[in-house]
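Take them in order, with the viewer open beside you.

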Amino acid sequence: MSGLPSLRGALLMVAAVLTVTLAAAGVVLLLGEDPFETTTAPQPRTVRRETPALDKLVPTTAPVKDFGQGGAGVTPTPPRVLAIAPGTVPQQARHRLAALKHVQKALVVDAGSVKVSGTGLNLLAVDPADFRSWTPKVVADQPGVWSALARGEVVADSAAMRKYGLTLGAYYQVGGGPRLRVGASAPLGLTGVDGLVGADLGRTLGMAQGVAVLLHGKEGGISEKGVRKVLGKGSQVVMLGTARRTEAKREQPATATAARPGSYLELYKQSATRCPGLSWTVLAAIGQVESGHGRNNGPSSAGALGPMQFMPATWKAYGVDGDGDGERDIWSPYDAVPGAANYLCKTGAGQGGEKLRKAVWHYNHSWDYVNKVLSIAEAYARAYA
């Protein structure tokens, strides 16, 4: 990033440099399937009786970690210092950093650089649960950001999105490696850092382990000299407080934005993150029974509406703004599917077993309905395992 060539150089030195497929005009976007196509579900093929395929991907059926709106106890602790060490920071040095005057909190993460159009895209590889409090409140409060990391996608810094012409929801091919999807963009406030990936993906990409240090404490109180002394020769240290305020004055207020899921499968998986313990397969089974994944959105004879067939009064109580567009739209799958996850969670679905059966019964007061939904959910689990 401009103004910090030394930090970029340090990242390039310590990280495994990965080559991204290039074209004359820039990065090659792989758009074999439209990443924004959700409202019109794919044509079905029979997987099991009553279970049409959701798309060509092979997802996991395990419940995913909860990254709901806000999050209990998430108090932003903005980093005052970002440093890059010449090698893995040993445990003793981590203790010394935490003991520096005015340091209240310290975190060490992996880092690396991906080559995009001849420019190194600097990334930190983080654990979403640990890193969430290190971001601005507007980012910490956006569930789409943390769900994207949990799914193995890239969260790009808002400025990097503009600078490098990245497209939200698009896939980028790492040469000889995986296809990476830009799942969200957010104002990270980390000078010289262009984006985040999850820790597991970082290891897959061969990023340098334990080289990036973030420190929180009294603004202007942490000694740059002290940090350099602990990390040793060749380390790069950036004091973030003043730079962040200056950048905020130059730019309009930024918000975190998550890419809309590219298919009903992605939508069910992402929505399940709102209810820890709930498998996406239950949402998919309800979506199939209620509307055939958006093919028949009603109104029903009872007055139920939308792809998940909510009664208006129930939607008023449990509907959510799933895609962050400022509306809770009962007809939109981007709102209706996470709304269904929210309703199921409130009635105990995340606890599994008999609690799950009762939660599905609350969705539609029929035990035959419960048996049908859970049977289809089991078929999805077998088909996509």
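1. Start at helix H7 (residues 199-204), where Asp 200 and Arg 203 sit three residues apart, about one turn of the helix. This is a predicted model. The two residues form a salt bridge, with their closest N and O atoms 2.3 Å apart. Asp 200 is exposed at 55% relative accessible area, while Arg 203 is partly exposed at 46%.

2. Side chains of opposite charge can pair when their charged atoms come close. The whole structure has seven salt bridges. One of them joins Asp 141 and Lys 137, at 2.9 Å from N to O. Here Lys 137 is exposed, at 52% relative accessibility, and Asp 141 is partly exposed, at 21%.

3. Next, have a look at the network of salt bridges that links Arg 151, Glu 153, Arg 181 and Glu 266. Within it, Glu 153 pairs with Arg 151, their closest N and O atoms being 2.8 Å apart. Glu 153 is buried, with a relative accessibility of 7%, whereas Arg 151 is partly exposed at 28%.

4. Now turn to strand S8 (residues 119-126), which holds Asn 122. Asn 122 counts as buried because its relative accessible area is 0%. A polar atom of the Asn 122 side chain lies 3.0 Å from the backbone oxygen of Gly 192.

5. Finally, which residues does Thr 77 contact, leaving aside its neighbours within four places in sequence? They are Lys 105, Ser 133, Trp 134 and His 216. Thr 77 lies in the loop between strand S5 (51-52) and strand S6 (81-84), and at 15% relative accessibility Thr 77 is buried.

Methods
Residues are numbered from 1 along each chain as its sequence is written. This is a predicted model: local features need pLDDT of at least 70, side-chain atom pairs count only at pLDDT 80 or more; totals for chains, interfaces and linings use all residues. Side-chain values use heavy atoms; hydrogens and water are left out. Helices (H or I, at least four residues) and strands (E, at least two) are DSSP runs, numbered from the N terminus. Buried means under 20% relative accessible area, exposed over 50%, partly exposed in between (1.4 Å probe, protein chains only). A polar contact is a pair of N or O atoms within 3.5 Å; within protein, one must be able to donate a hydrogen and the other to accept it, and residues adjacent in sequence count only if both atoms are side-chain atoms. Contact means heavy atoms within 4.5 Å. A salt bridge is a side-chain nitrogen of Lys or Arg within 4 Å of a carboxyl oxygen of Asp or Glu.
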